[in-house]
Amino acid sequence: MQAQRPPLLEVKRNFELKTTLVKASSRPPLSGSRLKRGPDQMKEALEPAKKRTRGLGAVTKIDTSRSKGPLLSSLSQPQGPTAAQKGPKKTGPRGCTAVGSVLKNQKLAPTAPAQKPVRKRPGKRPDWDLKGQLCDLTEELKCYREKTQKLDQENQGLQEQLKEAQEQAAALGTERNTLEGELASVRTQAEQCQQKLEALCARVLELEEWLGTKENLIQELQKEQLELQEERKALATRLEEQERRLQASEAALLSNESEVVCLRQKTAAQVTLLAEQGDRLHGLEMERRRLHNQLQELKGNIRVFCRVRPVLAGEPTPSPGFLLFPHGPAGPSDPPTRLSLSRSDDRRSTLTRAPAPTTRHDFSFDRVFPPGSKQEEVFEEISMLVQSALDGYPVCIFAYGQTGSGKTFTMEGRPGGDPQLEGLIPRAMRHLFSVAQEMSGQGWTYSFVASYVEIYNETVRDLLATGTRKGQGECEIRRARPGSEELTVTNARYVPVSCEREVEALLHLAHQNRAVARTAQNERSSRSHSVFQLQISGEHAARGLQCVAPLNLVDLAGSERLDPGLTLGPGERDRLRETQSINSSLSTLGLVIMALSNKESHVPYRNSKLTYLLQNSLGGSAKMLMFVNISPLEENVSESLNSLRFASKVNQCVIGTAQANKK
Ligand code: ADP
Ligand code: MG
């Protein structure tokens, strides 16, 4: 911007020059064309010359437009005293001297009274007065002679004047030529000036435009400058504020630093304390596991719970006293462990024709759940076992009983989303996930992998199969790796789970798969064992501890026997085969438990797919719980007795000290 200032100054100078030139041109123009037009114009053209010859005054007002005669006559006319006549003679140029001489001559030769050439005759003389007439004529001649003399003088004077005027004219012509030359050069100068002026005007316009642009720019820049100033002010305010805050923060930081030092010392002390506490806690946790296991062992590694389902709507009410639940020694608050079933012996009454005697059958189990027991109560009792699974002990929970006794209700609950009716599987899963979460605080990390299969007629089928895997080749139970004790089911899905929702989805899928099978084969779900397996893996990385254990939740096939009185049609033959298969696998389960209890060298796991699959969850290191589900109906009394007897046998078994699968 600074660099552009000089052009502005230059413009100003040029502009002044232009103004001067314009002023100069405002004088009467001396165009050659005008001069050529006539003497009038010549007079105008001579104006500058007149100005140069100040002092001539009126003398310079010579009317050159007139012809020689009138010029002389006008000159000859007395004009009275003029400024030129009064002023000094040397003021004018050549022309002035000539004019002066002319005027002098005029004075010397005043105009004669031309109006009176002849003297008035004194009255007409009589013709006879010749003398008088001669006298008159002589007088008249004298007058004419005088007049002629005067005229001659006058003529002489005029000729002198003419001569002077001619000289003057010649001088004026010379002057005129000089002036025309001057005029031409002035005109050339004027043209050049005009061109310069035009160029300057254009330049001025251009500069004015440029100036306008620059002024706009300046305005914009000024506006921007104002805005920037405002912004600068705001920023300065903010800066001040920030500085204030910074100072405050620095002060706070200083105090915090000292506090941090203090806290660090405290933290170091607490870290040491925490490490000690952690060690103590770990020791306590290990102690808790040991004691928990001891408690479970005291309760028995094989436990049997009896659950009697309620009478359902539409079912006949059993006679009073058919099923009794005597409370324990501690009174009604003591949870029942005994069950008494009365059965009238119809055969004896038929033989003796006496009123049918009733036989009481008393059973004692680890716990008995009467018909009104809630799912929650049932789960409370087994939650300890779930804890054992987390601690690394294999756990196996069975539901045994005839079809319709409540096994599936106990294991899975009733579908429909009512949380009160949720069975053991979803509750156990929720408990596992929540305990695993708590244990993560102590450094334990748990992972869970679920599988769900059914064993029907000694064939294994995956209940979690989806899409194309459904109905694919038969599943086989195999060792996970050669030489490994771990078993796996080929073609079955093993799904990692980490929350209840995932487990819910799996149970729903299994339910759907069973429903498909049910339509294909009549009530197959009751005729097959469903095995829900959850592989629990826990790791304490800091202490290099690992615990792996399976949790098995088994909904066994209906334990009812086939009516021996039934005639065997083609359908019944299938049913017989089914029943034989079920009975065989259930009795194998009993035999395996017996063999384990009796510490026999051979345990017949391989006699059924069920025991083969569950072999790692039965025996020495495992904990087993069997629910014996009982129908409350009198018509099912025979099957109920069979179930209760089987369960009692199992209950009498004691399997050796369980050992946690710790590595
Ligand atoms: P199972 O699996 O032994 O064949 P279910 O579990 O299917 O028997 O039970 C048969 C019927 O009895 C079902 O309608 C079930 O809802 C009902 N039921 C079983 N146990 C109970 C119980 N404790 N409370 C209420 N209803 C039950
Ligand atoms: Mg069932």
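**View 1. The shell around ligand 1 in this predicted model, sorted by residue class.** The shell consists of 3 nonpolar, 6 polar and 4 charged residues, where Ala, Val, Leu, Ile, Met, Phe, Trp, Tyr, Cys and Pro count as nonpolar, Asp, Glu, Lys and Arg as charged, and the others, Gly among them, as polar. Of the 13 residues around the ligand, the nearest are Gly404, Gly406, Lys407, Thr408 and Phe409, a residue being near if one of its heavy atoms lies within 4 Å of the molecule. Helix α11 (residues 407-411) gives the most to this shell, with 3 residues; helices (H or I, at least four residues) and strands (E, at least two) are DSSP runs, numbered from the N terminus. Residues are numbered from 1 along each chain as its sequence is written, and chains are lettered from A and ligands numbered from 1 in the order in which they are written. Local features need pLDDT of at least 70, side-chain atom pairs count only at pLDDT 80 or more, totals for chains, interfaces and linings use all residues, and side-chain values use heavy atoms, with hydrogens and water left out.

**View 2. Polar contacts of ligand 1 (pairs of N or O atoms within 3.5 Å).** A polar side-chain atom of Arg307 lies 3.5 Å from a nitrogen atom of ligand 1, while a side-chain N or O atom of Arg414 is 3.3 Å from a nitrogen atom of the ligand. Ser405 takes part through a backbone N or O atom, which lies 3.3 Å from an oxygen atom of ligand 1.

**View 3. The open sheet of 3 strands, in the order β2-β3-β4.** The pairing is antiparallel, and β2 and β4 stand at the edges, each with a single partner strand, so one side of each is left without a neighbour in the sheet. Two strands pair if DSSP finds at least two bridges between them: β2 (residues 323-324) and β3 (residues 338-344) share 2 bridges, whereas 7 bridges join β3 to β4 (residues 358-364). Leu323 stands opposite Leu341 in β3, and Arg338 has Ser364 in β4 as its bridge partner.

Definitions and conventions. A polar contact is a pair of N or O atoms within 3.5 Å; within protein, one must be able to donate a hydrogen and the other to accept it, and residues adjacent in sequence count only if both atoms are side-chain atoms.
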